[in-house]
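Welcome! Take a look at the structure, then read on.

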Amino acid sequence: MKTQLSRRTFLATLASGTMLAASGCSQVIDRVAQPDLPKELWLPSGATRHPIAHLLNRAAYGPRPGQLEKVQRMGREKWIEHQLDYKDVDDDALDWRLRRYDTLNWNAQDLMSLNGSDDFGGGDKDLVAYELAQMTLVRAVFSERQLYEVMVGFWTDHFSIYQFKNDVLYFKTVDDRAVIRPHALSKFRDLLKASAHSPAMLHYLDNTENEKSHPNENYAREIMELHTLGVHGGYTEKDIQEVARCLTGWGKNRQGEFEYHSAWHDDGEKTVLGHTIPAGGGKDDGDQVLEILVNHPSTAQFVCTKLVRRFVADDPPQNIMDACVNTWQSTDGDIRAILRTLLNHPDFDSAPPKLKRPFELMVSLLRATNANYDGNRDMINLLDRMGHRPFAWATPDGYPDKATGWANNMLPRINLALDLINQELSGVKIDVWDVAERMDAERNAEKLLHNFGRLVLARDLTPTENATLWNFATGSSGKKPNLKDEKGRDQMLQTLGLLLASPAFQWR
Amino acid sequence: MTNNTGLISRRQWLQAATALSAIGATRALWPAWLPRLAFASDGVVGDTLVCIFLRGGADGLNMIVPFGDDNYYKARPVLAIGQPDSSDSVKALALDDFFGLNPDMRPLHELFMNGHMTAIHAAGSPNVSRSHFEAMDLMERGTNGAEAGIGSGWLGRHLMATSGAGDSPLRAIGWSDKLPTSLRGYVSANAMQSIADFHLHGDTRQTDQMAATLSAMYQESSTPINLTADATFRALDLVRQIDINQYHPANHARYDESDLGLGLKQTAALIKAGAGLEVACVDHGSYDTHVAQGRSDGLLSGLLTSLSQNLRAFHDDLLDYMGKVTVVVMSEFGRRVQENGGGGTDHGHGNAMYIISPHVAQTPVIAQWPGLNSDFLANGDLQITTDYRDVLCELLTNRTPNTDLGIVFPGHTPKSVGAILKD
């Protein structure tokens, strides 16, 4: 008999969480887990952005104060290798922050036991949906395994699952833990196979409804269009129907685990992309389809295009693309090897700017200012309003990754920076004056502006940025703000807020 | 003509200011929320277009029900809506002797019967894609896929083609967190979720200085976001004058709390305020009813109830303005004729489009019905006998000053549909 999470256990879990919060434990953990800043911050200068900052804006969610110097001392190639061997990167502080989430380790059955429990009204679903998004944001901001988190984000988009379709959210929490995270830096084949056996994916794309007498083609179509070959990858409507036949019976059981229902399976002969799949193969039909798809040349092309788009440019440069596809072919789709090729490519440093998506903007802001975030729901609601709540893109193509998808909503981006500097983001604290001290700029307004600019942009402010911001700082009186008095300090805070809201910080 | 950058000229601001002071004399006539901005001069600008996109592929066959086609009932033993005079508990409301309206759309029945609304059936994109993403993308970009390199949307190009007609920073709004693809290409289009939330945060005593500082930095930067930021700052300036919380819909119109209801209500407010709004886009759905589509109690029923309530509310709220407003409702494709085993329908092809305007043809349903007999189906789907671009072309020609349809729908030669008239 499987253990069903009883109402009592649930309440006890809740209570322990509540008591933890009430006793201030969470705040203590947040304080202890906050990354240390060096006593003196090294600041890059010059007209163009420091190349390590470029790396940290692409292979990580943006630099933290002091991180540039650390990576430079380590050497960029060594840092990349270290990040690729992510399991060796110590992340204890993050683990402490994650312990507050009830659903961190719940299995599908635990999660499903919340379903329909009228004792808790709608709150149970919210708990599951929010916590996964909250954990995602906390990890992006605080994990030392930055490249890994960036890749988890990439695959979350690639194998996008909308939490709010029916009961998908119960399985998505497991999908994140058992499909995306363990395979984010493995071989593409393993990731695709895991995803094809994921109850979340099969449920989301209706393969749980796909039976012999009433085939449902939804998953069959998307696995080719979005997960492997790409929309013009060389398959036909007939191929979709045949793949759907191969996948009949792939579904889930009552415990929320993968299960193959042989009675639902269409056991006739099929032809997929020119390959004959003989009759009587049973579940193996689907496994063969996955092999055919992984080995198809369109798949390497399609997935590499998306990777290069993520890390390099909206319009992927052909030479970097070719290098990545070559590595894919020589390593049988080893994601780590492809990333090594991509990040060490001689043209990587000269990649054109990528517009930060709202999630990336938020995370990079919190990192750049060494903000402490208590992991609450309000920030998820804010991301929702900015159109970028994790796991909330309704269609399976995942959030757009080109500037054109995001360039038309500047106000919330600007307000995010202004709210951060004014301590108006719920559960987020920043200490600009602590950072200022470490830049030896806490007494001089002009120096504060210059050094803060170098800290967050990894270059000198342009003459225009400098003149415009200084003009605001000095106001109509034209007097330099005095950092010894409250008014002067506040005026400089507003100025730094405008710097964070400026166009330069919108790009990564 | 005014400049093509979409920047508002000093002269235009002065005109707006003059219009405002002229109204001062009759201020009592105008409620507080309504600044009567008067951006557009009458006669130059056409109708305000309100484009509603039903995301996910709405089931047009269960919305405008072909009850006169026996094959409809054969293909849908579970999901079919009953004939108007049948004893079925869920039956269509007759629109003519062949088509009926889904009973959850009852609030719209009167509009259909009084010549204020029409449906164009078996319409859609000739592109055969059954992929939501590709089909939506193609439809919003106004291409059937044959013309490469069209990154902008059809409404974006329409606004570019008519730039100079109106010059308001609120010419085009997508009521959404992100700008819809159809509006892409027109830099001054704004995406916003609500008027009330559209203001600059930070030190409220220095809002003007902050906006000026940011605006200067965004103008200076050579990045592609500087133009959109400029549009944002100009819109901020205008929106500051509107107090949406004081807005009360007319004629007892009741919008619901959905994004669609909110979007339409705010659209109505901006139209009455004379804010120079020419295009508004609102999304509704998801209509991707692969399972549990239902008849009177499934996923589709809830969506149609909300859709119809809000469309009717919008019509009633704007009763005195509808002569200069056209609503068009569309979806990326219809659904398969044959229902599936999960109580739902899969991706199909042909679908119905809808227009609300007093200028529509006095025919509730316009259709060259291809029939649902298997001989006439396209891969099991309703054939398309009217290209959606023909409907949109007719709408732009007859209700806007646009004379350059070649830019809006490149490579397309429009045919007359007879759905909407000039006057």
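B:Cys281 is buried, with a relative accessible area of 6% (buried means under 20% relative accessible area, exposed over 50%, partly exposed in between, with a 1.4 Å probe and protein chains only). This is a predicted model, in which local features need pLDDT of at least 70, side-chain atom pairs count only at pLDDT 80 or more, and totals for chains, interfaces and linings use all residues. Residues are numbered from 1 along each chain as its sequence is written, chains are lettered from A in the order in which they are written, and side-chain values use heavy atoms, leaving out hydrogens and water.

**Cysteines**

- Over all chains, the count is 0 disulfides (a disulfide is a pair of cysteine sulfur atoms within 2.5 Å).
- For B:Cys281, the nearest cysteine sulfur belongs to B:Cys51, 4.9 Å away.
- A:Cys304 is buried too, at 1% relative accessibility. Its sulfur is 5.3 Å from the closest cysteine sulfur, in A:Cys324, which is too far for a bond.

**Where the chains meet**

- Chain A brings 51 residues to the contact and chain B brings 47 residues (contact means heavy atoms within 4.5 Å).
- Together the two chains bury about 3,900 Å², with 62% of it on carbon and sulfur atoms (buried area is the accessible area, with a 1.4 Å probe, that two parts lose on being put together, summed over both).
- Between chain A and chain B there is 1 salt bridge (a side-chain nitrogen of Lys or Arg within 4 Å of a carboxyl oxygen of Asp or Glu). It joins B:Arg336 to A:Glu217, with the closest N and O atoms 3.8 Å apart.

**Salt bridges within a chain**

- Side chains of opposite charge can pair when their charged atoms come close. Over all chains, the count comes to 53 salt bridges.
- A:Arg181 and A:Glu149 pair at 2.9 Å, N to O. A:Arg181 lies in helix α10 and A:Glu149 in helix α9 of chain A, so the pair ties together parts that are 32 residues apart in sequence (helices are DSSP runs of H or I, at least four residues, numbered from the N terminus). Both residues are buried.
- A:Lys193 pairs with A:Glu291 at 3.6 Å, N to O. Helices α11 and α15 of chain A hold them, so this bridge ties together parts 98 residues apart in sequence. A:Lys193 is partly exposed at 30%, and A:Glu291 is partly exposed at 26%.
- In chain B, B:Asp317 and B:Lys272 come within a salt bridge of 2.6 Å. B:Asp317 is buried at 2%, and B:Lys272 is buried at 7%.

Technical notes. Helices (H or I, at least four residues) and strands (E, at least two) are DSSP runs, numbered from the N terminus.
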